[in-house]
Amino acid sequence: MGNDLKKLLEKLVEEGDSDFVNSVAPSTEVVESNSEEAWNDFQDSQIAFEKAFKDSQKGPL
């Protein structure tokens, strides 16, 4: 994997070809949400994390 990444970076630097970059780079999708929705999602994920953490600390069975 490391060699592949190194070869890819060398090729990108040598060619500077935006078509090549677009063909290998994953496409990203930007999702907009309002800040209240994002905050609620964050709080829900924190609550779920804390519950999972507490459950994992109960000790051996």
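This is a predicted model: local features need pLDDT of at least 70, side-chain atom pairs count only at pLDDT 80 or more; totals for chains, interfaces and linings use all residues.
Residues are numbered from 1 along each chain as its sequence is written, and side-chain values use heavy atoms, with hydrogens and water left out.

Let me begin with the overall layout. The chain has three helices and zero strands, so that reading from the N terminus the order is α-α-α; here helices (H or I, at least four residues) and strands (E, at least two) are DSSP runs, numbered from the N terminus.

How much of the chain is buried? Of its 61 residues, 2% are buried, where buried means under 20% relative accessible area, exposed means over 50%, and partly exposed lies in between, using a 1.4 Å probe and protein chains only.

Now to the charges. A search of the whole structure finds one salt bridge, a term that stands for a side-chain nitrogen of Lys or Arg within 4 Å of a carboxyl oxygen of Asp or Glu. The partners are D55 and K51, whose side chains meet at 3.0 Å, N to O. These two residues are four apart in helix α3, and therefore about one helical turn separates D55 from K51. D55 is partly exposed at 37% relative accessibility, whereas K51, at 52%, is exposed.

Finally, helix α3, which spans residues 35-56, also contains D41, and D41 is partly exposed with a relative accessible area of 46%.
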